[in-house]
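Thanks for coming, everyone. Let me put the structure up, and then we'll walk through it.

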Amino acid sequence: MPRRKEVEMALQSLRGFEDPTACLEQYETPAPLASDLLHLAWSHGDLEGRVLDMGCGTGVLGVGAALYNARVVGVDADAEALRTARSNAGAAGVSERTDWLRGDVSSLAVTGADTVVMNPPFGAQQSGADRPFLSAAERVAETAYTVHNQGSLGFVEAFVDGNVTDGFETRVTLPRRFGFHEEDEREIAVEVYRIEF
């Protein structure tokens, strides 16, 4: 198994969004956050089956899960992001363990995942944007790892029919991406939750 730091270094070299879309809240999942989330999943044995990276974007979480030898399906609505995810999987040497599908999580046709990994929109541009992701995860998997704004635990516990069994808080730095951003970068606190359905 790769070490957490090796996974983090591999993920740092991946390509990000070429032309991110504000309404989709397209930000890359930072490599340290992704490697910590995936290490937690690995420590619970949740990367041994079929992993679904929902709203996969450029594939950071999916590629990282494949580095742990998981069989990964990444789903995203953005065709350009999926092209980057495929390229990133190739660069990381995990193409044979990954599939990348275009689709909307609200009408997700993928079933039978053991684990979902996701960094859904936080709802900054569209209130409730994370809800379809949580609903889909509950529909298709036994376990999910999800990233949310600090202070979201009560909402997540009330929204899903499952139990938050583990998690951690960390800080991430978001670079200026869109015209409405007023700062060159902004640090925010986020929380990662492990949910058993």
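In which sense do strands S2 and S3 pair, and over how many bridges? S2 covers residues 71-76, S3 covers residues 98-102, and they pair in the parallel sense over five bridges. Pairing here means that DSSP finds at least two bridges between two strands. Helices (H or I, at least four residues) and strands (E, at least two) are DSSP runs, numbered from the N terminus.

Before going on, the ground rules. This is a predicted model, where local features need pLDDT of at least 70 and side-chain atom pairs count only at pLDDT 80 or more, while totals for chains, interfaces and linings use all residues. Residues are numbered from 1 along each chain as its sequence is written, and side-chain values use heavy atoms, with hydrogens and water left out.

Back to S2 and S3. Gly 74 has Trp 100 as its bridge partner in S3. From S2 the chain passes through helix H4, residues 79-92, to reach S3, and this β-α-β crossover is right-handed. Right-handed has a set meaning: with the strands pointing away from the viewer, the path from the first strand over the helix to the second runs clockwise. Another pair is Asp 76, with Arg 102 as its bridge partner in S3.

Now strand S1. S1, residues 50-54, runs parallel to S2, and five bridges join them. Leu 52 stands opposite Val 73 in S2. S1, H3 and S2 make a right-handed β-α-β unit.

How many residues of helix H3 are buried? Eight of eight, across residues 60-67. Buried means under 20% relative accessible area, exposed over 50%, and partly exposed in between, with a 1.4 Å probe and protein chains only. Among the buried residues of H3 are Val 60, Leu 61 and Leu 67. After H3 comes Asn 69, with a positive phi near 75°. S2 is mostly covered too, with five of its six residues buried.

Now zoom out. The chain has six helices and seven strands. Its radius of gyration is 15 Å, close to the 16 Å that the globule rule gives for 197 residues, so the chain is as compact as a globular protein of that length. That radius is taken over C-alpha atoms, and the rule is 2.2 Å times the number of residues to the power 0.38. The C-alpha trace spans about 40 × 40 × 30 Å along its principal axes. Buried residues make up 46% of the 197.
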